[in-house]
Amino acid sequence: MRKDPNIEGARWLQQAQIDLHWCRHLRDQGAWHLACFLAQQVAEKALKAFLYAQGEELVIGHSVRQLCARAGVYDSNFQQTLSRWGILDSYYIPTRYPNGLPGDIPANVYNQEIADSAVQLAAEVVSAVETHFA
């Protein structure tokens with residue numbers, strides 16, 4: 001039996017909202033590389049929430065850009081934010097693994113300014129999706 005699309009979407013959005021809280025906490029505590037990674041995850045989950053709410057049954061992939069493009073089929077506003085929010089994809093791997101940053105480690109490379117920007121972008125994605133659930 002199919003799940004109600006709005007209920008499934010709401011589950012994903014709720015997790016994105018909770019993760020956004022912890023994303024801000026990590027940023028505030030100076031775990032900037034982790035805040036950047038979690039910001040990407042927040043955006044991914046929020047976009048998946050939107051897509052599930054549209055009735056999509058299987059939403060796979062991790063790219064914020066690709067998920068934005070997919071969401072743009074239902075709402076062109078997502079298409080307009082693709083380039084802005086897509087930068088979050090650059091935090092998916094190099095924020096976690098030393099081999100993503102030759103000669104250094106993520107904990108040394110990411111700073112508060114970068115984390116602030118990542119958290120802001122994630123918050124924008126969550127806010128945009130929340131309007132569809134309001």
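Q: How are H1 and H6 oriented to each other in this predicted model: roughly parallel or roughly antiparallel?
A: In this predicted model, helix H1 covers residues 5-28, and its axis lies 10 Å from that of H6. The two pack at an angle of about 155°. Angles over 145 degrees count as roughly antiparallel. H1 and H6 are therefore roughly antiparallel.

Q: How do the residues in the contact of H1 with H6 divide into nonpolar, polar and charged?
A: Let's look at who takes part. H1 brings residues including Leu13, Ala16, Leu20 and Arg24, while H6 brings residues including Val119, Ala122, Ala123 and Val126. Sorted by type, the residues of this contact come to 12 nonpolar, 3 polar and 4 charged.

Q: Is Ala123 buried or exposed?
A: Ala123 is part of helix H6. Its relative accessibility is 15%, and the cut-off for buried is under 20%. Ala123 therefore counts as buried.

Q: Which residues is Ala123 in contact with, leaving aside its neighbours within four places in sequence?
A: Remember that Ala123 is one of the H6 residues in the contact with H1. Setting aside neighbours within four places in sequence, Ala123 is in contact with Leu20 and Arg24.

Q: How far apart in space are Ala123 and Ala39, C-alpha to C-alpha?
A: Along the sequence, Ala123 and Ala39 are 84 residues apart. In space, C-alpha to C-alpha, the distance between Ala123 and Ala39 is 8.3 Å.

Q: In which kind of crossing does H4 pass H6: left-handed or right-handed?
A: Helix H4 spans residues 76-85 and helix H6 spans residues 112-133. Their axes come within 11 Å and cross at roughly 165°, and H4 and H6 are therefore roughly antiparallel. The crossing in which H4 passes H6 is left-handed.

Q: Which residues of H4 make the contact with H6?
A: On the H6 side, the contact is made by Leu121, Glu124, Val125, Ala128, Val129 and His132. Counting both helices, its residues divide into 6 nonpolar, 1 polar and 2 charged. The H4 side of the contact is made by Phe78, Arg84 and Trp85.

Q: Why do the buried residues of H4 line one face of the helix, and which residues are exposed on the other side?
A: The buried residues of H4 are Phe78, Thr81, Leu82 and Trp85. Seen down the axis of H4, they fall within an arc of 145°, so they line one face. H2, H3 and H6 are among what covers them. Exposed on the other side of H4 are Gln80 and Ser83.

Q: Which helices do the buried residues of H3 pack against?
A: Helix H3, residues 64-72, has Val64, Leu67, Cys68, Ala71 and Gly72 as its buried residues. Viewed down the axis of H3, these fall within an arc of 145°, so they line one face of the helix. The buried residues of H3 pack against H2 and H4.

Q: Which residues does Leu101 touch, not counting those up to four places away in sequence?
A: Leu101 sits in the loop between H4 and H5. With 15% relative accessibility, Leu101 counts as buried. Not counting residues up to four places away in sequence, Leu101 touches Pro94, Pro106, Val109 and Tyr110.

Q: How far apart in space are Ala107 and Gly30, C-alpha to C-alpha?
A: Ala107 belongs to helix H5, residues 106-109, and is partly exposed, with a relative accessible area of 46%. Ala107 and Gly30 are 77 residues apart in sequence. In space, C-alpha to C-alpha, Ala107 and Gly30 are apart by 9.6 Å.

Key
Residues numbered from 1 in each chain as written. Predicted model: local features only at pLDDT ≥ 70, side-chain atom pairs only at ≥ 80, totals over all residues. Heavy atoms only, no water. Axes fitted to C-alpha atoms, helices over the stretch in contact; angles between N-to-C directions. Helix = DSSP H or I, 4+ residues; strand = E, 2+ residues; numbered from the N terminus. Parallel < 35°, antiparallel > 145°, perpendicular 65-115°, else oblique. Left-handed = near helix turned anticlockwise from the far one by under 90°. Contact = heavy atoms within 4.5 Å. Nonpolar A, V, L, I, M, F, W, Y, C, P; charged D, E, K, R; others polar. Buried < 20%, exposed > 50% of the residue type's maximum accessible area, 1.4 Å probe, protein only. Arc of directions from axis to C-beta.
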